Amino acid sequence: MRRMGLGWCLAFGALTLGWASAADAQSARDIERATEQLASNDAAQVREGLEALGLSGSPRAVRPIVDRVRRGLPPDLLGVAVDTLMILGRAEAGPVLFDLVHHRRADIRLKAVQAILATLPRGHQGVLEAAMSDQDARVRGAAAEGLGSTGATGSIDALFHAMERRIPEASMAIAALARPRDVERFLGLVGQLPFDSMTPALAEMLHREDLADSAKIAIIHRLTELATSGVREFLEDFVRNLDPSDQGEVRRAAEDSIPRIGQ
Amino acid sequence: MTRALRMLALGAALVGCGGASDGAFSPMYPDNQAASIEDVAARLAAAGPRDVPAVAVGLADTTLYAVDLESGAERWRQTVTDPQTAPSIVGPLVLLHEGNRVVARRLSDGQPAFDLDDDRLHLVGGDGEGDVGVFVLSTTGGGGAGAHSRVYLTQGTRLATRFELDHPVGVPAVAAGMVFVPWGSQNISVIDVSQGQEIARVRSLAGVVSHALVRGGHLYFGQAGVGRMNPHMGGGSPDEVGWTQPETDELPGSPPLWRSAYDNPAGADSAVHRIRVEWTPAGADGAVRWADDTVYVTFYSFVFGLDAESMSVRWVRQLEHDVVGAVAREGGLLVADDHGGITYLGAADGVPRWSAETNAEPSVVALQLGGFTPSGSPSEEAPFLAEQLLAAAQNTDARLVPARAFAVHALAGQPDAAVTDHLLVLCDDRTLPDPLRAEACTSLASRELGPGAILRGLRRHAAYLDDTTVPPVGALATAAARMGERQAVPLLVSHLNDPNTPAQDLGPLAAALGALGERSAVRPLSDFLWLYHADVPDELFARGLQAVARALVTLQGPPARELISEIIEAPFTPADMVGRLRDVLTDEPTESEESEESEETE
């Protein structure tokens, strides 16, 4: 029985391997065909090839796309190519995406930043920091937001600089990344930058579960010092949106502060 | 009949008023006669300093006023009617064309002396010395048919003699009891005031003669150039009259040395009064020279002191207000501004030595220095010339753009590496008017000194976080190539790949990479050409790509030609780009290719 079981196992394994290798071969043929389409004079064929490579989901689809991008494409097809690299999500696309962050078309640069965020190739953090200096606000914003969403705590200084240069997405990124000492720094900017531009980030920090209550209370105290009607509204909203069961120190601090701020 | 009219009648009888056929201004009068000219020259030489008071006569709207320059006191102020031109100081008189009358006032107190119907003639100008004066009314018109002119001599504050002639007459001069009247583009009739007769005729073929001027015991004449009367002037050729003609076309506003007196006079408010060349002649023989070897140019509130030989800038002074009157003398330039200021600038450095204030805002001021020498210590130490020029270029008055561009051009001529930094600052300043910035960038591109500034400039990129803008890459690249500065190559490559590099800068950038000959640029250039060959948004970018292809051929020769052929055949290369790339392939072989070919042959 034990022998039979082993035999079945072996037979099943062989079948599975065979099936897998057949599928692999099919995929290789699909990629080859799609790659051939990329060399076409017909834009529709090229687009079809790119889509097929994206659908393959195979890491082997990256190289032909990268090669085709480097050989130059009209802007619409280049956009599709970068989207496809994003869909594939492979870090191997990093070098070409890093180059495309400097493309002369802002739309392509934006897509490149988005693709970098999807593929996270080695060195992406530095590239995203640099992209916050782009002349196009969308590219800057995407890069700043991306640094926040990818947990790039090492970029916090660059993000503060970006925030001071009025990149709104930077404050949200800081809100997502801030440690207590960063919160303190953030609060140093309250009063210097328009309060409205900071409220989403302040709200994010107050709601973050991984941020110490002491930091949140510091936020409330700093805002109380401002004592504007905007601050009062902000704190009232904050308290209103808390879970009623939450009776923690932060809620109490907010509730204590509100009456001290004039209408 | 008044005494003046009696004198006029006498004068007309003497010279044949209306005909000018016998004696004065006759076309038959012998010209350039050595004996008569020697006599005239001797009288001029013996005459001593000009006997004229130091005054400023200004016109501010309908107020005519005179200021004594030595005391700074206002002599008088009179209301005038419908002033047509600038005032003229004619000996003891001030003349102003008002409406259709020419009004003469006493210089001493401003009271009317006489006035004339203009008979549709223009007041061309006048001069005076002591009690003698001369002024001219003319149809003007450049010497064409139908010209008619009247030359009036005055004695004291009265009209003495009138000559009429059917030629255009220019601005006359008076000295040593003689009147010098330029007419008919070539002639100067010398009239002895006491006789009312022409005693000599000067004829110059060196250039148009529409002004006469006596300085330092010599008679000068001309318009675009200046000649000097002398007994040996023979046929009046340029050499014989010592003709000197500085090039003024390149000066801001292109003011002539002397404005043509055969053209209609400038209106009282004309900008012509704010844009002028001033100078005073010097030298006794040979070519006419300029006192202090300096020619001055005023352009609104700017005053430039130029080396008379090279017309290069020695200094530039920015005054607070526009200059509306100026007169040069040995040692400096006296300028009157449109807020009543009168300032004497030193010839060597343009620094004020003397100043006075008058209570007026004139549109034009006639200045006469006589024997008065404004004196004083320099009010400050002049900054270095490059700094003066940079400051002038950075002046924000939009009216001054031609003068600012002139300053930039002059700055570019300075053999000082630091000037490259200054030019970079100007070329980089997007707030400057386009022509000015273009001049700065052209000058920067042609620099051969100051590679440090070029490299510093190229190290900068546009960065939002750093609040920096893209440098003038094209001009910097061209300058780097001129200097053979290979350290610039990686910096240029980084600008090639910078999306903020303007399309129009790609051409010079690529050309510089080609010229600098660093093979390390081949890869970035070919990558760029491949990446963008199918994405050519406009003509400028197409030209940039073409330049990239040329640079590749320069650097690499045949392999680059193969690559370009491949791109021509690539699927999405636009037809226009194909044509441009084919043009590159049909270009003459580059030097490097030729040398490679010859090496292969050897």
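Mentor: A polar contact here is a pair of N or O atoms within 3.5 Å, and within protein one of the two must be able to donate a hydrogen and the other to accept it. With that in hand, and bearing in mind that this is a predicted model, I would begin with Arg251(A), which is found in helix H15 of chain A, a helix that spans residues 249–260. Its relative accessibility is 7%, and because buried means under 20%, Arg251(A) counts as buried. The side chain of Arg251(A) has a polar atom 2.4 Å from the backbone oxygen of Asp246(A), and the side chain also reaches the backbone oxygen of Asp243(A), at 3.0 Å. If neighbours within four places in sequence are left aside, the contacts of Arg251(A) are with Val239(A), Leu242(A), Asp243(A), Pro244(A) and Asp246(A).

Thr358(B) counts as buried because its relative accessibility is 11%, and its side chain reaches the backbone oxygen of Gly340(B) at 2.7 Å. Not counting residues up to four places away in sequence, Thr358(B) touches Tyr65(B), Val67(B), His339(B), Gly340(B) and Ile342(B). Thr396(B), by contrast, sits in the loop between helix H3 (385–393) and helix H4 (401–412) of chain B, and at 74% relative accessibility it counts as exposed. The C-alpha atom of Thr396(B) is separated by 51 Å from that of Ile191(B), a residue 205 places away along the chain.

From single residues we can turn to the nonpolar packing. In soluble globular proteins, nonpolar side chains tend to be buried together. The largest nonpolar core in this model holds 188 residues, and those with the most contacts inside it are Met132(A), Leu202(A) and Phe304(B); the element that gives the most to this core is H12(B), with 10 residues. Around Phe304(B), once neighbours within four places in sequence are left aside, the contacts include Pro252(B), Tyr296(B), Trp315(B), Phe406(B) and Ala407(B). Another core lies apart from the largest one and has 22 residues, among them Leu44(B), Ala206(B), Leu219(B) and Val241(B).

In chain A, helix H8 (residues 137–149) and helix H10 (residues 168–177) pack with their axes 8 Å apart, at an angle of about 5 degrees, which makes H8(A) roughly parallel to H10(A). H8(A) brings Gly141(A), Ala144(A), Glu145(A), Leu147(A) and Gly148(A) to the contact, while H10(A) brings Glu169(A), Ala170(A), Ala173(A), Ala176(A) and Leu177(A). By class, this contact has six nonpolar, two polar and two charged residues.

Finally, in helix H3 of chain A (residues 62–70), the buried residues include Val62(A), Ile65(A) and Val69(A), together with Arg68(A), and the helix is followed by Gly72(A), whose phi is positive, near 85 degrees.

Notes: Residues numbered from 1 in each chain as written. Chains lettered and ligands numbered in written order. Predicted model: local features only at pLDDT ≥ 70, side-chain atom pairs only at ≥ 80, totals over all residues. Heavy atoms only, no water. Helix = DSSP H or I, 4+ residues; strand = E, 2+ residues; numbered from the N terminus. Buried < 20%, exposed > 50% of the residue type's maximum accessible area, 1.4 Å probe, protein only. Contact = heavy atoms within 4.5 Å. Axes fitted to C-alpha atoms, helices over the stretch in contact; angles between N-to-C directions. Parallel < 35°, antiparallel > 145°, perpendicular 65-115°, else oblique. Nonpolar A, V, L, I, M, F, W, Y, C, P; charged D, E, K, R; others polar. Core = buried A, V, L, I, M, F, W, Y, C linked by side-chain atoms within 4.5 Å.
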